[in-house]
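Subject: Structure handover

Hello,

Please find the structure below, followed by notes on what was found in it. Could you read the notes with the structure open beside them?

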Amino acid sequence: PTVLAVCRGILGTGPDADDAVQATFLLLVQRAGRVRQPAALGGWLCGVAARVARRARQRRSRDRERGAQVRDRPG
């Protein structure tokens, strides 16, 4: 729930936030060995979730800008 809350706080509700949560836990599976202290896992997950969500927000914004540029082109 905390990871979802972080992602929704950055991306709002919807599929982008859900995708960011899933990506966060996939990164945990891939990089679990990097978390040296089990007590630090919550903070690690929240930090990863925030970074993943911010990148998704930037990507979404970039895609919207590119879509607007394509629509504004003549012919």
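**The salt bridge**

Asp16 has a relative accessibility of 31%, so this residue counts as partly exposed; buried stands for under 20% relative accessible area, exposed for over 50%, and partly exposed for what lies in between (1.4 Å probe, protein chains only). Its partner is Arg60: the two side chains meet in a salt bridge, at 3.0 Å from N to O. A salt bridge here is a side-chain nitrogen of Lys or Arg within 4 Å of a carboxyl oxygen of Asp or Glu. Arg60 lies in helix α3 (residues 41–72) and Asp16 in helix α2 (residues 15–31), so the pair ties together parts that are 44 residues apart in sequence. Arg60 also counts as partly exposed, because its relative accessibility is 24%. The search of the whole structure finds one salt bridge. In general, side chains of opposite charge can pair when their charged atoms come close.

**Where the numbers come from**

This is a predicted model, in which local features need pLDDT of at least 70 and side-chain atom pairs count only at pLDDT 80 or more, while totals for chains, interfaces and linings use all residues. Residues are numbered from 1 along each chain as its sequence is written, and side-chain values use heavy atoms, with hydrogens and water left out.

**The chain as a whole**

There are three helices and zero strands in the chain, which gives the pattern α-α-α along the sequence. Helices (H or I, at least four residues) and strands (E, at least two) are DSSP runs, numbered from the N terminus. Of the 75 residues in the chain, 24% are buried.

Helix α1 covers residues 2–11, and Val3, Cys7, Ile10 and Leu11 are buried in it. These four cover an arc of only 85° around the axis, which puts them on the same side of α1; the arc is that of the directions from the helix axis to the C-beta atoms. After α1 comes Gly12, with a positive phi near 80°.

Ala53 lies in helix α3 and counts as buried, because its relative accessibility is 0%. With 40% relative accessibility, Arg51 counts as partly exposed.

**The positive patch**

Which residues gather in a patch of positive charge on the surface? They are Arg31, Arg34, Arg51, Arg54, Arg55, Arg57, Arg59, Arg62 and Arg66. Such patches are made of residues with over 30% relative accessible area and no salt bridge, with like charges joined within 9 Å and nonpolar side chains (Val, Leu, Ile, Met, Phe, Trp, Tyr) within 5 Å. α3 gives the most to the positive patch, with seven residues. Arg55 lies in this helix, and its 48% relative accessibility makes it partly exposed.

Regards

Note on methods: Areas by Shrake-Rupley, 256 points an atom, 1.4 Å probe, with all protein chains shown as cover. Lys, Arg positive; Asp, Glu negative; His and termini not counted. Charge placed at Lys NZ, Arg CZ, Asp CG, Glu CD.
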